[in-house]
Amino acid sequence: MKNEHTLSPSSQMILQQYDQYAAVWKVMKKVVTEETSKIVANSGVTVTAVDSRIKDRKSLHGKLELKGYKYFSISDLTDIVGVRITTFYTDDVDKVAALIAKVFDVDWKNSVDKRKMHELNSFGYMSLHYICRIPESLFKDESLPEVNTFRFEVQMRTALQHVWATIDHDIGYKTGIEIPVEHLRNLRRLAGMLELADEEFSRIRKEIADYRYKVEGLVKDGNFDDVALDADTFRRYLETQPFRALEEKIAAVNQAEIYHSSLMPFLKVLLKMGLKTLGDVERLRKNYSDAAYKLSLSEIADTDLNIISSTLALQNICIAYLYLQGSGVPGIQMFFDEYRGVSDRNRPEAESLMDRLKNINFDI
Amino acid sequence: MTVTINNEGAKTYVVIDGRIDTATAGEFQDAVAPLMTSENPDIEIDCEKLSYTSSLGLRMFLMLQKSVQSRSGVLVLKNMQPSVREVFDITGFSNIIKII
């Protein structure tokens, strides 16, 4: 334990109050942690961490040694209880902050946005700090009124800001040796680089969101030729259930039940077939649905099979396309290889299917 | 129809001999019921001696597949006769159940 006699009388009194209110800190930490976790869970924001702590006695002693002249009572200290929310994106810091302000009483006068404190030519610690109180509407215990009067600190920052702050703290406070200015400058340069990286991550996220929004609009409006075929766009296209009519038509042949299964695995086949846009997929659907139906009819009409997979419609569209385009056995084998995986059985099965396809009249 | 089940290590090996149709579907269902709750979710079924399956058989394979997947396991059917394989192909079931 540090020697308390090195402290001023008011600082010594603050340490005594710290001990006296141990139960208050525990309750504050519990309430703040629970409420903050709820806020984050309901916000839709992905965070890397929600950490909370009660400042330990040793840290408080150190703080009072350095800055004790600023404090006259334990209630002047605002970070005995603290919570830190670390997000991936800078935009999310603001979103989380807005939600924190709705739940806790924020002491705006003492809250600080350290992200805005830098001069044009300075880089360094970037974090948003709110000083808050727990409102009685959230928690009230008449035996512990200080839970509602003492303040606590909420730190909100991105993961990159957190990494920089942690390293800065580690270097600055643990070595105990004054750091040469060139090393400090290097640390600041890194802060600038991470600030840029944070902005880039946010920008990229926004661009992807804009792209998805645009694609959604194009798909909704049927402007398929403007939409490149990829996992994201194909998923959105499938949400419009473009193959549902054909699936139902095929199922109706035997009054079969349709077992619904994802069509996403067809993406790699369609790309292998050379399709580049959703427009290409849509043309494939329109131009080969009849042939796919004829193939299905020929395969299942003389059976009593009364369950089919929803994958059958697109499967037979692909097979009909490959056959009618003259891709022959290699084309159909390619389909099996891509869709089901390479196997020695794919070649004979492609040959067998080819024989059956030759007996179907696709012209009528 | 007979169904033989062997547990070896973390996998369950099943051999089906005969037909799965209206007459035998109940028997097949009873035989594979323990597999739905087995501690070993990975199941390999040897279909070499499976001579026919109707829609009832497809439904039971599907049920087994769902149960296996819900326990993070894998269902594999192997050595299928061409005529049985055709049933899986023409219904699209080859796309949703792993066949080797």
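Which exposed residues does the face of helix 1 of chain A turned away from its buried side carry? Select A:Pro9, A:Gln16, A:Asp19 and A:Gln20: these are the exposed residues on that face. Keep in mind that this is a predicted model.

**Helix 1 of chain A**

Show residues 9-20 of chain A, which form helix 1. At 1.5 Å a residue, these 12 residues should span 16 Å, and the end C-alpha atoms are 16 Å apart, so the two agree.

Now pick the buried residues of helix 1 of chain A: A:Ser11, A:Ile14 and A:Tyr18. They cover an arc of only 50° around the axis, so they sit on the same side of helix 1 of chain A.

The axes of the two helices come within 10 Å and cross at roughly 160°. Angles over 145 degrees count as roughly antiparallel, which makes helix 1 of chain A roughly antiparallel to helix 3 of chain A. Their crossing is right-handed.

Show side chains at the meeting point. From helix 1 of chain A, take A:Ser11, A:Ile14, A:Leu15 and A:Tyr18; they meet A:Arg57, A:Leu60, A:His61 and A:Leu64 of helix 3 of chain A.

**Across to chain B**

Bring up both chains. Their contact takes 16 residues from chain A and 14 residues from chain B. On the chain B side, select helix 2 (55-70) and helix 3 (82-90), the elements that give two or more residues. Helix 2 of chain B provides the largest share of that side, 4 residues.

Notes:
Residues are numbered from 1 along each chain as its sequence is written. Chains are lettered from A and ligands numbered from 1 in the order in which they are written. This is a predicted model: local features need pLDDT of at least 70, side-chain atom pairs count only at pLDDT 80 or more; totals for chains, interfaces and linings use all residues. The expected span of a helix is 1.5 Å times one less than its number of residues. A residue is buried if 20 or more other C-beta atoms lie within 10 Å of its own, exposed if 12 or fewer, and partly exposed in between; C-beta atoms are placed from the backbone. The arc is that of the directions from the helix axis to the C-beta atoms. Axes are lines fitted to C-alpha atoms, for helices over the stretch in contact, and angles run from 0 to 180 degrees between N-to-C directions. Angles under 35 degrees count as roughly parallel, over 145 as roughly antiparallel, 65 to 115 as roughly perpendicular and the rest as oblique. A crossing is left-handed if the near helix is turned anticlockwise from the far one by less than a right angle, and right-handed if clockwise. Two residues are in contact if their C-beta atoms, placed from the backbone, lie within 7 Å.
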